[in-house]
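Please keep the sequence and the model at hand while reading.

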Amino acid sequence: MPRKITLALMFLFSLLVFLVVLMPAAVLVERLPVLHPGGAPLQLSAARGPWWHAQVSWRWRQLQGQGRWALDWQGLVPGLRLAAEGADARLSGWIGADWGDWQLRNLRLSVPVAPIAAQVPQGNADGRVDATLMQAGFANGRITALQGTLQYSGGQVTWGRNGSATVPVLNGRLAMDNGQPGLTVTDPQGTLLLDATLADQRFKLRVMRAWPQLLGVSQGGSPDDVVFQMSRPLVLGQG
């Protein structure tokens with residue numbers, strides 16, 4: 001084999017090893033689109049290690065911490081095992097992609113409410129929210145699978161100048177209903193407080209009278225009366 005061809009093949013092989021095995025995570029992080037959860041950018045920096053097993057620093061608003069990921073195949077589906085912690089928040093789970101269809105499995109999130117409530121004008125709350133997403137699927141801009149739970153630990157909620165209430169433990173359920181993703185939130189007695197659905201590219205929210213009654217700002221009427229509802233276009237994957 002001619003010397004030039006041999007050297008070219010060795011160069012291509014070395015380049016392939018670098019791109020597939022040794023490419024630094026920093027190169028990947030620099031090319032990731034910036035996510036804006038809650039309307040604020042999630043900033044990633046100081047990536048360390050190869051792309052398939054790395055650590056990174058994250059910052060969102062005034063919160064910051066450390067995250068890490070590792071390549072993890074689930075059967076024939078490639079994915080990443082994720083973990084992050086910081087600012088008294090914790091996240092772990094698995095995300096993968098199969099021919100453009102995204103999957104989330106065993107995602108667990110625990111966050112304090114206070115830093116989030118601080119973004120609401122004249123509002124505050126304490127306690128924690130724990131979320132468990134057993135599975136979720138996304139394809140062609142649609143949620144194709146959803147199963148999970150939410151729980152608010154309970155705590156003190158304040159609003160305006162004088163409004164305050166002690167809120168008990170609240171439970172949420174994420175599930176598919178007639179092929180559409182939905183959320184329901186109930187009090188300890190199982191009374192429905194609110195529900196939300198995403199159908200036909202529209203997000204719909206209903207708040208029942210049971211919610212303001214729980215806060216002590218509504219008297220009379222039936223707990224299942226709808227006191228607020230909203231419907232707005234929402235297309236996943238678009239800004």
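How many bridges join strand β10 to β11? Five bridges join β10 (residues 155–159) to β11, and the two strands run antiparallel. Strands are DSSP runs of E with at least two residues, numbered from the N terminus. Two strands pair if DSSP finds at least two bridges between them.

This is a predicted model: local features need pLDDT of at least 70, side-chain atom pairs count only at pLDDT 80 or more, and totals for chains, interfaces and linings use all residues. Residues are numbered from 1 along each chain as its sequence is written, and side-chain values use heavy atoms, with hydrogens and water left out.

**The sheet**

The sheet is open and has three strands, in the order β7-β10-β11, with antiparallel pairing. β7 (123–125) and β11 (163–167) are the edge strands; each has a single partner, so one side of each lacks a neighbour in the sheet. On average, neighbouring strands here are turned by 10 degrees against each other, direction ignored. Axes for such angles are lines fitted to C-alpha atoms, and angles run from 0 to 180 degrees between N-to-C directions.

| Residue | Partner in β11 |
|---|---|
| G155 | V167 |

Three residues lie between the strands in the β10 and β11 hairpin, where G160 takes a positive phi near 60 degrees.

In a regular strand, side chains alternate between the two faces of the sheet. The covered face of β11 holds G163, A165 and V167; the uncovered face holds S164 and T166. A165 has 8% relative accessibility, so A165 counts as buried (under 20% relative accessible area; exposed is over 50%, partly exposed in between; 1.4 Å probe, protein chains only). Leaving aside residues up to four places away in sequence, A165 touches G155, Q156, V157, W159 and L215. Contact means heavy atoms within 4.5 Å.

**The second largest pocket**

The second largest pocket holds about 450 Å³ of space. Of its 21 lining residues, F138, I143, L198, L234 and L236 are the closest to its centre. A pocket is an open set of points on a 1 Å grid over the protein atoms alone, where a 1.4 Å probe fits, with protein on both sides within 12 Å along at least five of seven lines; lining residues have an atom within 4 Å of a point. The volume is the space filled by probe spheres set on the points.

β8 (128–139), β9 (142–152), β13 (180–186), β14 (192–199) and β15 (202–208) each supply at least two lining residues.

Terms used. Helix = DSSP H or I, 4+ residues; strand = E, 2+ residues; numbered from the N terminus.
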